[in-house]
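Subject: Structure handover

Hi,

Here is the structure I promised to pass on. Please open it and keep it beside you while you read my notes.

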Amino acid sequence: MTQRTALVTGGTGGIGTAIIRYLAGQGHRVASNFRDAEKGERWRKAMADEGIDVLMVPGDVSEPGSCVDMIKTIEDKLGPVDILVNNAGITRDSTFHKMSYQQWIDVVNTNLNACFNVTRPVIEGMRARKWGRIVQISSINGQKGQYGQANYAAAKAGMHGFTISLAQENAKFGITVNTVSPGYVGTDMVMAVPEEVREKIVAQIPVGRLGKPEEIAHAVAFFTTDQASWITGANLAINGGHYMGW
Ligand code: NDP
């Protein structure tokens with residue numbers, strides 16, 4: 001397999017870590033971002049102990065200028081970004097009638113506007129080189145909506161609108177753009193949900209358990225291969241059967 005440079009935003013999180021393991025396992029040079037230098041360094045060392053060398057660069061995906069700097073540093077050190085996984089994300093849950101503007105905008109900035117901030121600085125290079133793989137990590141709740149998550153569901157649904165437009169604009173340039181929509185995966189994000197709520201969620205999952213980060217990473221890695229060059233604009237649900245919409 002050709003060795004390429006891959007950027008996975010939010011690599012220090014549960015799903016991001018698994019994606020980085022897969023992409024490094026495919027032989028790619030991998031990079032990610034940190035906001036807290038100490039946390040970023042601790043995580044980088046843990047990955048190095050596993051034999052995975054990750055270039056860690058400061059970057060806040062909700063800030064356009066920060067993303068321009070982040071991409072420049074990565075490209076200077078590792079070469080052009082050919083594989084981009086827009087994975088960083090947050091939740092700030094509240095029913096809409098009680099939601100603050102801050103809760104709304106933080107979630108939209110980090111999940112949806114980040115797609116602009118991180119993708120815009122890499123897309124022209126991908127078009128010039130006539131090869132690229134872009135994957136958005138959306139969510140089951142962008143597909144089906146979720147009580148208490150109007151901000152998150154709107155942002156995650158918007159990510160797939162971004163995917164299918166970018167897929168059309170860039171198909172002739174060897175660039176595929178796809179979305180992966182995970183259901184509930186046992187990462188910090190989901191383990192922060194009270195146990196009794198989690199039990200109710202698991203009861204709705206036909207497979208009968210939460211997902212594992214590797215189960216998401218496996219699919220993301222597949223989309224980044226040369227062999228997946230005819231798959232673009234797809235939205236792959238990986239959710240244990242929790243939502244089976246079209
Ligand atoms: P985690 O909370 O474990 O990790 C989130 C990652 O995003 C962290 O690395 C965090 O970094 C980073 N991040 C958050 N905000 C920013 C920001 N402004 N700039 C840069 N990085 C940021 O989440 P998961 O691994 O569970 O989730 C990964 C993705 O998958 C998210 O987009 C999430 O919405 C989506 N998802 C998750 C599901 C789940 O069940 N876990 C289900 C469906 C979708 P830092 O350490 O700096 O906070």
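A cavity, as used here, is a set of grid points where a 1.4 Å probe fits but cannot get out. Keep in mind that this is a predicted model. Rolling a probe the size of a water molecule over the atoms shows where empty space is left.

**The cavity**

How many cavities of 30 Å³ or more does the count give? The count comes to one. The largest cavity holds about 40 Å³ of space. Its lining is made up of Thr9, Val61, Asn86, Ala88, Thr110, Asn111, Ala114, Cys115 and Met159. Helix α4, residues 101-129, gives the largest share of that lining, with four residues. Sorted by class, five lining residues are nonpolar and four are polar.

**The ligand**

Next, look at the ligand.

- Tyr152: an N or O atom of the side chain is 2.5 Å from a ligand oxygen.
- Thr187: a polar side-chain atom lies 2.5 Å from a ligand oxygen.
- Asn87: here a backbone N or O atom lies 2.7 Å from a ligand oxygen.

How much of the ligand's accessible area does the protein cover? On its own, the ligand has 890 Å² of accessible area, and the protein covers 91% of it.

**Salt bridges**

Side chains of opposite charge can pair when their charged atoms come close. A search of the whole structure finds nine salt bridges. One of them joins Asp226 and Arg4, with the closest N and O atoms 3.5 Å apart. Asp226 sits in the loop between α9 (213-223) and β7 (235-238), while Arg4 is in the segment before β1 (5-8), so this pair ties together parts that are 222 residues apart in sequence.

**A backbone detail**

Finally, find Lys130. This residue lies in the loop between α4 and β5 (132-137). Phi of Lys130 is near 60°, which is a positive value in a residue other than glycine.

Best wishes

Methods: Residues numbered from 1 in each chain as written. Predicted model: local features only at pLDDT ≥ 70, side-chain atom pairs only at ≥ 80, totals over all residues. Heavy atoms only, no water. 1 Å grid on protein atoms, 1.4 Å probe; cavity = no way out; pocket = protein on both sides within 12 Å on 5 of 7 lines; lining within 4 Å. Points joined across faces, edges and corners; volume = space filled by probe spheres on them. Helix = DSSP H or I, 4+ residues; strand = E, 2+ residues; numbered from the N terminus. Nonpolar A, V, L, I, M, F, W, Y, C, P; charged D, E, K, R; others polar. Polar contact = N/O pair within 3.5 Å; in protein donor to acceptor, adjacent residues only side chain to side chain. Areas by Shrake-Rupley, 256 points an atom, 1.4 Å probe, with all protein chains shown as cover. Salt bridge = Lys/Arg side-chain N within 4 Å of Asp/Glu carboxyl O.
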